[in-house]
Amino acid sequence: MALPAPLRASVTPTELELIASEQLVEIVPLVAMERTAFISGAYGPLRPPSKCKVPIWMATNLKLKKKCRIVPPDWLNVEFLEERLVQETTGESFSEMPFRFAEVAKVLIDTAPDDFPNPDKIRSLLKDIREARQAKSREGLSKLDHSELSLPNLCSMEINEIRPFFIRAMGVLIDIIKDAQPQQDIA
Amino acid sequence: MEDDYYSIDSILAENQKIQCTFKVSVPDMGHLDGGNERDIKAQSKVQVPLWMAYILIYSDYADFTIPTSFSARVRSALNAEPRSVRLSNLVGQGGMWYGFGRMIMHLLNDDAAKEMSDLLVKTFRGRLPEVIDQAQHFASIHASTADSGVGGGALGGDHAAMAFREGLDGTERELFALTQASTRSTKRWYEASDRGRRS
């Protein structure tokens with residue numbers, strides 16, 4: 001195969017970010033624009049100062065041209081994340097987060113830190129949550145089984161990170177467990 | 001490690017010698033043992049490659065003994081502490097200990113095969129978290145030194161960790177590399193700033 005080994009099993013984080021950028025986010029436009037058709041759909045019209053839903057790629061583009069303010073999603077604030085962090089550190093299972101929260105949070109906070117009340121606090125909370133969740137997926141590793149893996153509420157970036165070696169390890173287990181698959185005749 | 005004819009891993013795993021005791025005399029085949037004898041006599045012990053052993057064993061020309069990679073000593077060491085055994089020493093650098101074990105397992109009958117499988121699984125499970133931990137640890141060291149422009153001088157870790165890394169077999173090395181690559185790319189993404197790329 002022509003692809004380097006790490007790219008065969010998984011997509012790259014940047015590709016996930018691209019996918020996540022199709023999600024809609026609320027903005028407060030600072031310029032007026034008629035409803036406009038894009039390849040992924042028609043968005044607008046933008047009528048300041050009323051809110052409007054556009055994809056993240058469009059919101060970040062407008063934001064960088066200072067043509068809108070981004071309204072943070074309802075899960076991307078200090079109170080919500082603090083509550084989730086407590087759940088994450090006390091409970092056994094993964095707490096429920098939006099599936100692409102890592103990508104969305106990073107893109108929004110990186111491009112529009114001035115639209116968040118406390119961006120540094122949010123960043124450090126996200127980092128804490130990520131580390132707590134990593135510790136749990138590591139735990140899952142020791143319970144690895146050849147036929148199934150159940151880690152509910154794992155989000156896309158985390159799945160992507162562990163996918164290559166989890167599937168390889170499960171593949172090895174299938175090979176070395178007797179009768180995991182129908183016995184093949186070698187001779 | 002699968003039985004695919006074209007699988008390189010499978011070919012590498014077969015590249016191990018196994019001691020066979022011939023039950024019959026084979027004329028003109030003495031060169032297999034590398035000796036000067038012209039014939040292989042019955043009851044003589046010959047080291048043959050695993051890929052050749054199959055046909056000898058299945059055709060009932062020879063019996064085999066469990067290779068030293070899976071001897072009682074190795075087994076009890078693995079039972080005591082899977083992480084302290086150097087698998088790479090047992091099969092040679094880059095060898096496939098699990099693949100070799102799996103092929104031996106297929107040659108054995110039910111009970112012995114079950115025992116072999118249990119040994120392999122227990123060892124793999126016992127070593128896996130350590131393999132992944134170290135790979136992730138190394139990925140983060142490399143990512144941060146690469147960013148700051150410092151070479152890989154800060155590597156090393158303590159002695160036990162290094163010994164463990166050297167003892168990884170081919171399959172574990174592959175896992176190590178996979179983990180390192182994915183952890184590194186994820187970490188890089190988390191640390192990179194977005195603004196420059198978009199504006």
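## Strands and pockets, with reasons

Trainee: How do the residues lining the second largest pocket divide by class?

Mentor: In this predicted model, that lining has 6 nonpolar, 3 polar and 6 charged residues.

Trainee: Why does Tyr190(B) count as a lining residue of the largest pocket?

Mentor: A lining residue needs an atom within 4 Å of a pocket point. Tyr190(B) is listed in the lining, so it meets that cut-off. Together with Lys127(A), Arg130(A), Glu131(A) and Gln134(A), Tyr190(B) lies nearest the centre, out of 36 lining residues.

Trainee: Which helix gives the most to that lining?

Mentor: H6(A), with 11 residues. Helices of both chains supply at least two residues each, including helix H7 (156-176) of chain A and helix H8 (170-191) of chain B. By class, this lining has 16 nonpolar, 8 polar and 12 charged residues.

Trainee: Let's turn to strands. How do you know that S1 and S2 of chain B are paired?

Mentor: Pairing asks for at least two bridges. Strand S1 (residues 17-22) of chain B has 5 bridges to S2(B), so the two count as a pair, and they run antiparallel. Within this pair, Thr21(B) stands opposite Lys45(B).

Trainee: Why are S2 and S3 of chain B called edge strands?

Mentor: The order in this open sheet is S2-S1-S3. Strand S2 (45-49) and strand S3 (62-64) each pair on one side only, and that is what the name says. Neighbouring strands here are turned by 45° against each other on average, direction ignored.

Trainee: What lies across those strands?

Mentor: Helix H2 (residues 50-58) of chain B lies across S1, S2 and S3, at about 120° to S2(B).

Trainee: What makes S1(A) a partner of both S4(A) and S5(A)?

Mentor: The test is again at least two bridges. S1(A) has 4 bridges to strand S4 (residues 52-55) and 4 to strand S5 (residues 68-71), so both pairings pass. Ile27(A) stands opposite Cys52(A) in S4(A), and Val28(A) has Arg69(A) as its bridge partner in S5(A).

Technical notes. Residues are numbered from 1 along each chain as its sequence is written. Chains are lettered from A and ligands numbered from 1 in the order in which they are written. This is a predicted model: local features need pLDDT of at least 70, side-chain atom pairs count only at pLDDT 80 or more; totals for chains, interfaces and linings use all residues. Side-chain values use heavy atoms; hydrogens and water are left out. Axes are lines fitted to C-alpha atoms, for helices over the stretch in contact, and angles run from 0 to 180 degrees between N-to-C directions. Contact means heavy atoms within 4.5 Å. On a 1 Å grid over the protein atoms alone, a cavity is a set of points where a 1.4 Å probe fits but cannot get out, and a pocket is an open set with protein on both sides within 12 Å along at least five of seven lines; lining residues have an atom within 4 Å of a point. Ala, Val, Leu, Ile, Met, Phe, Trp, Tyr, Cys and Pro count as nonpolar, Asp, Glu, Lys and Arg as charged, and the others, Gly among them, as polar.
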